[in-house]
Amino acid sequence: MRAARDDRKRPGARRLGVLILSRQSDAVLETVCGLCRAARVKDVEVQIFLTGDGVHHLRDPRMASAAKDGARVRFCALNAVERGLDLDPNYPWGAEESSQYELACIVEGSDRFLALT
Amino acid sequence: MVAARKTVAVVIGCSPWEDHRASEAMRMALGLTLRNPEVHLFLLERAVTGLERRQAEGASGADFVRHLISFLELGCPVIVEEEALNTVAGFALDNRIQIWRRDAIVRFVSRCQAVVLLRHRISDGGRAGSSKGKRDPDAVAAGDEENGGCQIHGEDGLPRILDLLLRTPSDLFRIVLRGRAKDSSSATVVLNRSGPALGAQLHGFLLHSGGEDPALRPADAHRGIGHGELLDLIFEHDTVFCW
C-alpha cells in the first residue's frame with residue numbers, strides 16, 4: 001500500500017489549484033504546463049485534479065511534464081474506471097488515484113483556483 | 001484553529017440534457033460540500049432546464065437531477081436565474097430553490113474566492129485543440145493572436161477578478177462583464193492561438209498569453225505575456241474566472 005503523501009503547504013509557498021473537468025485544447029494544456037514550469041521558480045505549489053472527461057488527459061505527456069515540474073496530479077478514480085482507463089497497462093501514468101473529497105480539499109487549500117471546464 | 005471557509009460558487013450555464021459536463025459539475029458540487037457546506041450552486045441560462053419535469057431523457061440529465069436533489073437535501077443553497085426561468089416552461093420548482101435576478105448573481109459570484117464556471121459551449125470552428133488556427137479578424141483588430149493588448153481597470157477596495165478566456169466567449173461572459181463593471185476590478189487574459197473572437201464590447205481590456213518564446217512577444221503597444229507573468233497575474237487577483 002502506498003503511503004499517504006504529505007499535503008501540508010511549505011511555509012511561505014503559495015498554492016494554485018487547477019481543475020480539469022473536460023477535454024481541453026492544446027493551447028490550454030500548454031498553458032497549464034507553462035504555469036507549472038513558472039511555478040517551480042516562483043515557489044508556487046500546483047495541484048492538478050482531473051475529473052469527468054478531463055481524466056483522458058492522464059495519458060497526455062504534458063501531465064507527466066507538469067508532475068516533473070513539481071505539480072501534484074490527482075484524478076477521480078471513479079471517472080477513470082467508468083471510461084475504461086484502468087484497463088490500460090500504463091494506468092495511472094504516474095498520477096494519483098483520488099476522489100471528489102480530495103478535490104474539495106484542493107479548493108479549500110488553494111490560494112487561487114482555476115476551473116478548466 | 002479552523003481556517004475560514006471560502007465562498008465557493010459553482011455556476012452552470014449549459015443544459016444538463018445536452019451537455020454531460022453539467023452532471024459532472026453537479027457531482028463535483030456535491031463533493032465540494034464535504035469540506036464546505038456553503039457551496040453555492042447557480043443555474044443560469046439553459047441550466048434551468050434541469051428543473052423541468054422530464055422522464056428518463058438521457059442518463060446525463062437524470063444524473064444531474066439526482067445530484068441536484070441530494071444537494072438540496074444537504075441544505076446547500078441553490079439559486080436559479082430569474083431571467084432564465086422566463087424562457088422555459090413547465091418547471092418543478094422546489095421551494096428550497098432561490099430565485100435571484102441576474103445582476104444579483106453576478107455581484108455575488110464576483111465576490112467568491114473560488115468559482116467553477118460551466119458555460120454553454122460555443123463551437124470554436126474546429127480551432128480548439130489545434131495550435132494552428134486561422135487568424136481571427138476581431139482578435140487581430142484588438143491586438144494580434146500571438147501578441148496582445150492590455151488594460152487593467154478598476155478601483156481600490158473592489159474584488160480583483162482575472163478572466164481567463166480559453167475559447168470563444170459566450171453571451172454569459174459579456175453579461176457577467178457588464179454586470180460587474182462597477183463592482184470589481186478586472187483584467188482579461190486571452191490564450192494565444194485559441195483565437196476567440198473579441199470585440200469592443202469587452203471594455204477594451206485584453207491580454208494575450210504570448211508563450212515563453214521572445215519571438216512571440218510584440219514590439220508594439222500591445223503586450224503579450226509569458227507563463228510567469230500569467231502566474232503573477234493569477235496571484236495578483238482575488239479570483240480567476242475561466243471561460
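Modeller: Let us begin with a term: helices and strands are DSSP runs, at least four residues long for a helix and at least two for a strand, and they are numbered from the N terminus. Please keep in mind throughout that this is a predicted model. With that numbering, B:Thr239 has its place in strand E10 of chain B, which covers residues 239–242.

Colleague: Is B:Thr239 buried or exposed, and why?

Modeller: A residue is called buried if 20 or more other C-beta atoms lie within 10 Å of its own. B:Thr239 has 24 C-beta neighbours inside 10 Å, and therefore counts as buried.

Colleague: Which residues does B:Thr239 touch, once those up to four places away in sequence are not counted?

Modeller: B:Thr239 touches B:Cys112, B:Gln113, B:Val115, B:Pro159 and B:Ile161. Taking B:Pro159 as one example, 80 residues separate it from B:Thr239 in sequence, while their C-alpha atoms are 7.9 Å apart in space.

Colleague: What does chain B contain as a whole, in helices and strands?

Modeller: Chain B has 7 helices and 10 strands, and 47% of its 243 residues count as buried. Among the contacts in chain B with a separation of 6 or more, 76% are between residues 24 or more positions apart.

Colleague: How should I read a sheet, and in what order do the strands of the open sheet of chain B lie?

Modeller: The general idea is that strands of a sheet pair through backbone hydrogen bonds, either parallel or antiparallel. In chain B, an open sheet of 5 strands runs in the order E4-E3-E2-E1-E5 with parallel pairing. Its edge strands, E4 (98–100) and E5 (114–118) of chain B, each pair on one side only, and the twist from one strand to the next averages 20°. Helix H1 of chain B, residues 21–32, packs on this sheet, where it touches strand E1 (8–12), strand E2 (40–43) and E5 of chain B, and its direction makes about 165° with that of E1(B).

Colleague: Which residues stand opposite one another where E3(B) pairs with its partners?

Modeller: E3(B), residues 78–81, pairs with E4(B) in the parallel sense over 3 bridges; there B:Val80 stands opposite B:Ile99, and B:Glu81 stands opposite B:Trp100. E2(B) and E3(B) also pair in the parallel sense over 3 bridges, with B:Phe42 opposite B:Ile79.

Colleague: What is the strand order in the open sheet of chain A?

Modeller: In chain A, 5 strands form an open sheet in the order E4-E3-E2-E1-E5, with parallel pairing. The edge strands are E4 (96–98) and E5 of chain A, each pairing on one side only, and the twist averages 25° from one strand to the next. E1(A) and E5(A) pair in the parallel sense over 5 bridges, and A:Leu16 stands opposite A:Arg112 in E5(A).

Colleague: How many residues does each chain give to the contact between A and B?

Modeller: Chain A gives 33 residues and chain B gives 37 residues. On the side of chain A that touches chain B, strand E1 (14–20), helix H1 (26–41), helix H4 (100–109) and strand E5 (112–116) of chain A each supply at least two residues. H1(A) gives the most to that side, with 9 residues. By class, the side of chain A that touches chain B has 18 nonpolar, 8 polar and 7 charged residues.

Colleague: How is chain B divided into domains, and where do these domains meet?

Modeller: The domain assignment gives domain 1 (8–118) and domain 2 (137–242) of chain B. Their contact takes 13 residues from domain 1 and 12 residues from domain 2. On the side of domain 1 that touches domain 2, helix H4 (102–110) and E5 of chain B each supply at least two residues, and H4(B) has the largest share, 5 residues.

Colleague: Which residues have the most contacts inside the largest nonpolar core?

Modeller: The largest nonpolar core has 93 residues, and B:Val11 and B:Ile12 have the most contacts inside it. H1(A) gives the most to this core, with 9 residues. Domain 1 (8–118) and domain 2 (137–242) of chain B both give residues to this core, so the core lies between them. As for B:Val11, its contacts beyond four places in sequence are B:Phe42, B:Leu44, B:Val109, B:Val115, B:Val116, B:Leu117 and B:Leu118.

Definitions and conventions. Residues numbered from 1 in each chain as written. Chains lettered and ligands numbered in written order. Predicted model: local features only at pLDDT ≥ 70, side-chain atom pairs only at ≥ 80, totals over all residues. Contact = placed C-beta atoms within 7 Å. Nonpolar A, V, L, I, M, F, W, Y, C, P; charged D, E, K, R; others polar. Pairing = 2+ DSSP bridges. Axes fitted to C-alpha atoms, helices over the stretch in contact; angles between N-to-C directions. Domains from an automatic or database assignment. Buried ≥ 20, exposed ≤ 12 C-beta atoms within 10 Å, placed from the backbone. Core = buried A, V, L, I, M, F, W, Y, C linked by C-beta atoms within 7 Å.
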